[in-house]
Amino acid sequence: MCDLLWSDPEDIEGWGISPRGAGYLFGSNIVAQFNTDNNVEMICRAHQLVMEGYKWHFNETVLTVWSAPNYCYRCGNVAAILELDEHLQNEFTIFDAAPQEARGTPMKKPIPDYFL
């Protein structure tokens, strides 16, 4: 499962070692073979920060969608949501992080009486 989650597309041929320390890097030839073997046209994935919210790879055969704006409160990225219609036509909604002043502070739950 780790290899599936942490592997990323890269402009290489074949497989490579991932700088994440888990998973692998894979090139367009790996994607072409996978798509042919599995009779699919595109792989849609997440779990890799892309500053634009989404990013196409390898002539639109791999799509990365990232849905966490301003990741870790420091990356400055936008986020995206992918919507597919019944004909698999895509539309992206791009959004920024909420402004700091609009976020508020998470409410703390009161301590239950049985812990007092």
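## A chat about sheet, loops and pockets

Reader: Where do I start? How many strands form the open sheet, and in what order?
Author: This is a predicted model. In it, 3 strands make an open sheet, ordered β1-β3-β2, with mixed pairing.

Reader: Which strands stand at the edges?
Author: β1 (8-9) and β2 (15-17) do. Each has a single partner strand, so one side of each has no neighbour in the sheet.

Reader: What holds strands of a sheet together in general?
Author: They pair through backbone hydrogen bonds, parallel or antiparallel.

Reader: And how many bridges join β2 to β3?
Author: There are 3, and β2 runs antiparallel to β3 (residues 24-26).

Reader: Buried or exposed?
Author: Serine 18 is buried, because its relative accessibility is 7%, and buried means under 20%.

Reader: What does serine 18 contact?
Author: Beyond its neighbours within four places in sequence, serine 18 contacts Trp6, Gly23, Tyr24 and Leu25. Also, a polar atom of the serine 18 side chain lies 3.4 Å from the backbone oxygen of alanine 22.

Reader: New topic. Which loop holds glutamine 48?
Author: The loop between β4 and β5. Methionine 51 lies in the loop between β4 (43-45) and β5 (54-57) too.

Reader: Start with glutamine 48. Why does it count as buried?
Author: Its relative accessible area is 18%, and the cut-off for buried is under 20%.

Reader: What does its side chain make a polar contact with?
Author: The glutamine 48 side chain makes one with the side chain of arginine 45, at 2.6 Å. Not counting residues up to four places away in sequence, glutamine 48 touches Asp8, Pro9, Arg20, Thr64 and Trp66.

Reader: And methionine 51? What is its relative accessible area?
Author: It is 41%, so methionine 51 is partly exposed.

Reader: Which residues is methionine 51 in contact with?
Author: Cys75, Gly76, Asn77 and Val78, leaving aside neighbours within four places in sequence. Methionine 51 also lies 8.9 Å from proline 69, C-alpha to C-alpha, with the two 18 residues apart in sequence.

Reader: Now β7 and β8. Parallel or antiparallel?
Author: Antiparallel: strand β7 (residues 79-84) pairs with strand β8 (residues 90-95) over 6 bridges. Alanine 79, for example, has phenylalanine 95 in β8 as its bridge partner.

Reader: What's in the hairpin between them?
Author: There are 5 residues between the strands. In this hairpin, leucine 88 takes a positive phi near 60°.

Reader: How many of the lining residues are nonpolar?
Author: 10 are nonpolar, with 1 polar and 2 charged, in the lining of the largest pocket.

Reader: And the second largest pocket? What lines it?
Author: Glu41, Met42, Trp56, Glu60, Leu84, Leu88 and Asn90. Leu88 is the residue with positive phi in the hairpin of β7 and β8. The second largest pocket has a volume of about 180 Å³.

Reader: How does that lining divide?
Author: The lining of the second largest pocket has 4 nonpolar, 1 polar and 2 charged residues.

Key. Residues numbered from 1 in each chain as written. Predicted model: local features only at pLDDT ≥ 70, side-chain atom pairs only at ≥ 80, totals over all residues. Heavy atoms only, no water. Helix = DSSP H or I, 4+ residues; strand = E, 2+ residues; numbered from the N terminus. Buried < 20%, exposed > 50% of the residue type's maximum accessible area, 1.4 Å probe, protein only. Contact = heavy atoms within 4.5 Å. Pairing = 2+ DSSP bridges. Nonpolar A, V, L, I, M, F, W, Y, C, P; charged D, E, K, R; others polar. 1 Å grid on protein atoms, 1.4 Å probe; cavity = no way out; pocket = protein on both sides within 12 Å on 5 of 7 lines; lining within 4 Å. Points joined across faces, edges and corners; volume = space filled by probe spheres on them. Polar contact = N/O pair within 3.5 Å; in protein donor to acceptor, adjacent residues only side chain to side chain.
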